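Student: I've got a new structure to get through today. Can you walk me through it?
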Amino acid sequence: MANAKRQALIVKGGWEGHEPTQVSRVFTDILEQEGFQVEISDTLDSFLDQDKLMALHLIVPVWTMGEIKKEQLHPVLKAVESGVGLAGCHGGMCDAFRNSTEWQFMTGSQWVAHPLNDGVEYRVNMVASSSSPIVEGIRDFTVVSEQYYLHVDPAVQVLATTTFPVSDGPHSANGSIVMPVVYTKRWGQGRVFYNALGHHADVFDIPEAKELMRRGFLWAAGRGEGE
């Protein structure tokens, strides 16, 4: 079975404002071009089958503001811990299940605000000191979208950042701050990749944004491979 395709599961749903169907299509195209066999599901019950999850190479959540039951969550936690990759973007991964601290612990952050809402022009800056292949050769770029303010696990490896300007609101008393946009982390034997971009699917028309997702998928799915 050396030539068997790598298996990816995309689970989409939740708040329609994040265009889960459109984002899933973009991600499916990326993965299929990289030789993955992709299954797209619109139910969290796809997480119930522990054996099926354990046989995957990659799980891609595209689900915003939902609720996940323990019997749906725990198989995912165990699968990623065993070495299955996890990768996602924006609210589809890190504003998925606000009541699940276990999900947030695994994924590495939780959305808490986007102070200027949608339509903000801001820079995404690669971390110059990073040796990760995910950002190698990618230059800083500009996005017009939501700028995500996250509560972040200090264990993550930050690969790209953005700077929040001083703006109206009680948070402005802290001055401008640098916020992670792209990061990786580990969960047991599993690799976790997150990109805060992706409010709408068209952000991935930006070549750098799409390339970051492509490389992030491949890195997360690289079970047993080096950095």
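This is a predicted model: local features need pLDDT of at least 70, side-chain atom pairs count only at pLDDT 80 or more; totals for chains, interfaces and linings use all residues.

Student: Okay, cysteines then. Is C89 buried or exposed?
Tutor: C89 is buried, because its relative accessibility is 4%.

Student: What about the accessible area of C94?
Tutor: The relative accessible area of C94 is 1%, so C94 is buried.

Student: New topic: the sheet. How many strands, and in which order?
Tutor: The sheet is open and has nine strands. The order is β2-β1-β3-β4-β11-β10-β9-β6-β7, and the pairing is mixed.

Student: Which strands are the edges?
Tutor: β2 and β7 (141–145). Each of them pairs on one side only. From one strand to the next, the twist averages 20 degrees.

Student: Zoom in on β1. How does β1 pair with β2?
Tutor: In the parallel sense, over six bridges. β1 covers residues 6–14. As an example, R6 has F36 in β2 as its bridge partner. The chain gets from β1 to β2 through α1, and this β-α-β crossover is right-handed.

Student: And β3 with β4?
Tutor: Those two run parallel as well, joined by two bridges. β4 covers residues 85–89. I59 stands opposite L86 in β4.

Student: Which strands does α1 touch?
Tutor: α1 packs on the sheet and touches β1, β2, β3 and β4. Its direction makes about 170 degrees with that of β1.

Student: What does α6 touch?
Tutor: α6 also packs on the sheet. It touches β1, β2, β3, β4, β6 (120–126), β7, β10 and β11 (190–195). The direction of α6 makes about 170 degrees with that of β11.

Student: Which residues does L212 touch?
Tutor: Leaving out residues up to four places away in sequence, L212 touches M126, I134, V135, I138, F141, V182, F193 and N195.

Student: Let's switch to charges. How many salt bridges are there?
Tutor: Six. One of them links R214 with E34, with the closest N and O atoms 3.1 Å apart.

Student: Where do R214 and E34 lie?
Tutor: R214 lies in helix α6 (residues 207–220). E34 lies in the loop between α1 (20–33) and β2 (36–41). The pair therefore ties together parts that are 180 residues apart in sequence. R214 is partly exposed at 25% relative accessible area, and E34 is partly exposed at 29% relative accessibility.

Student: What is the salt-bridge partner of K185?
Tutor: D153, with the closest N and O atoms 2.8 Å apart. K185 lies in strand β10 (residues 177–187), and D153 lies in the loop between β8 (149–152) and β9 (157–164), so this pair ties together parts 32 residues apart in sequence.

Student: Are K185 and D153 buried or exposed?
Tutor: Both are buried.

Student: Last one, backbone angles. What is the phi of E19?
Tutor: Near 50 degrees, a positive value in a residue other than glycine. Most residues other than glycine have a negative phi. E19 is found in the loop between β1 and α1.

Student: And the phi of M65?
Tutor: Near 55 degrees, again positive in a residue other than glycine. M65 is found in the loop between β3 (58–64) and α3 (70–82). M65 is partly exposed, with a relative accessible area of 37%.

Definitions and conventions:
Residues are numbered from 1 along each chain as its sequence is written. Side-chain values use heavy atoms; hydrogens and water are left out. Buried means under 20% relative accessible area, exposed over 50%, partly exposed in between (1.4 Å probe, protein chains only). A salt bridge is a side-chain nitrogen of Lys or Arg within 4 Å of a carboxyl oxygen of Asp or Glu. Helices (H or I, at least four residues) and strands (E, at least two) are DSSP runs, numbered from the N terminus. Contact means heavy atoms within 4.5 Å. Two strands pair if DSSP finds at least two bridges between them. A crossover is right-handed if, with the strands pointing away from the viewer, the path from the first strand over the helix to the second runs clockwise. Axes are lines fitted to C-alpha atoms, for helices over the stretch in contact, and angles run from 0 to 180 degrees between N-to-C directions.
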